[in-house]
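Have the sequence and the 3D view ready.

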Amino acid sequence: MSPAHRPRRVLVTGASRGIGLEFVRQLLARGDHVIATARHPGRAQALNHLAGEHPGRLHVLPLDVADPKSHAELVRELPLVLDGDGARLNLLINNAGVLHSGERFGHVPLAQMDDSLRTNVTGPFLLTQTLAEHLADGAVVANLSSILGSIARVDGFHTPSYAISKAAQNMATVLLAQGLSERGIVVLALHPGWVQTDMGGDGAQIAAEQSVAGLLKVIGNATQADSGHYIDWQGAPLPW
Ligand SMILES: NC(=O)c1ccc[n+]([C@@H]2O[C@H](COP(=O)([O-])OP(=O)(O)OC[C@H]3O[C@@H](n4cnc5c(N)ncnc54)[C@H](OP(=O)(O)O)[C@@H]3O)[C@@H](O)[C@H]2O)c1
């Protein structure tokens, strides 16, 4: 832990693998108290291994972001894992996401649109709304967006369910920034780069370690003036 770092309480969604798991690793390494959520904690081996290495500092809880009932169950369990009465979260990382690949014009199925919207838009929006009372004043909400959600950057009929959902998630970020501004809570739409994960594939440009290190720097430097902004892992602004 760096001497300048004050430990924070952080909740990460979709922490079973990929960027979410790497967030958990780096947050623990800097001394934070982490609540890592996964759809199926019993199957999240790497996460459970980390929990064994960091007793008391990493709690693994079940959460399906696409299911509001699961949000309510998480809220019921939260006081049991937040250290101290009335303790609140300093950082919420809405990382869980889904990309249905191979969609072609004329053949986009309702089920994939529906799943993408529930997981990538309504999930993080409703979860943030539900967790709002558990966020500390001045907290940060980091929504993992994507450059594929940029309407300005569209150059073909690519990954429509995903692109539509991430564009809508960007609107959710802007609205949440407005809704939480009175409490000094900063809400960001963050593009992590093209990252080597199950979603990004082996041919992606950067490793999860590099992306998350950059994202944590961006989050750490964010002020109220950045709230509602769309930025990449290196801090560069992106066109909506
Ligand atoms: N990789 C990239 O190049 C890239 C680029 C731009 C944006 N992003 C964004 O970055 C975030 C993380 O991506 P990634 O590359 O780490 O993806 P990934 O390797 O496919 O991992 C996705 C994670 O989200 C979880 N998840 C999916 N649906 C969920 C649900 N309904 N409830 C809870 N968890 C759920 C998965 O859990 P299970 O293990 O249970 O499936 C998994 O932990 C996503 O929001 C993605 O859109 C990634």
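Helix α1 (residues 18-29) and helix α2 (residues 45-53) have axes that come within 10 Å and cross at roughly 10°. That makes α1 and α2 roughly parallel to each other, a label for angles under 35 degrees. Keep in mind that this is a predicted model, where local features need pLDDT of at least 70 and side-chain atom pairs count only at pLDDT 80 or more, while totals for chains, interfaces and linings use all residues. Residues are numbered from 1 along each chain as its sequence is written, and side-chain values use heavy atoms, with hydrogens and water left out.

**α1 with α2**
- This crossing of α1 and α2 is left-handed (the near helix is turned anticlockwise from the far one by less than a right angle; clockwise would be right-handed).
- On the α1 side, Leu21, Val24, Arg25 and Leu28 make the contact, and on the α2 side it's Ala46, Leu47 and Leu50 (contact means heavy atoms within 4.5 Å).
- Sorted by type, the residues of this contact are six nonpolar, no polar and one charged (Ala, Val, Leu, Ile, Met, Phe, Trp, Tyr, Cys and Pro count as nonpolar, Asp, Glu, Lys and Arg as charged, and the others, Gly among them, as polar).
- Helices here are DSSP runs (H or I, at least four residues), numbered from the N terminus, and their axes are lines fitted to C-alpha atoms over the stretch in contact, with angles from 0 to 180 degrees between N-to-C directions.

**α1 with α6**
- α1 also meets helix α6 (residues 208-221): their axes come within 9 Å and cross at roughly 65°.
- α1 passes α6 in a right-handed crossing.
- Among the residues that meet are Phe23 and Leu27 in α1 and Val212 and Leu216 in α6.
- This contact splits into nine nonpolar, one polar and two charged residues.

**α4 with α5**
- The axes of helix α4 (residues 110-131) and helix α5 (residues 160-180) come within 9 Å and cross at roughly 15°.
- α4 and α5 are therefore roughly parallel to each other, and their crossing is right-handed.

**Around the ligand**
- Which residues come nearest to the ligand? Of the 28 around it, they are Ser16, Arg39, Tyr162, Val195 and Thr197 (a residue counts if one of its heavy atoms lies within 4 Å).
- An N or O atom in the side chain of Tyr162 is 2.5 Å from an oxygen atom of the ligand.
- Val65 has a backbone N or O atom 3.0 Å from a ligand nitrogen atom.

Notes. Helices (H or I, at least four residues) and strands (E, at least two) are DSSP runs, numbered from the N terminus. Angles under 35 degrees count as roughly parallel, over 145 as roughly antiparallel, 65 to 115 as roughly perpendicular and the rest as oblique. A polar contact is a pair of N or O atoms within 3.5 Å; within protein, one must be able to donate a hydrogen and the other to accept it, and residues adjacent in sequence count only if both atoms are side-chain atoms.
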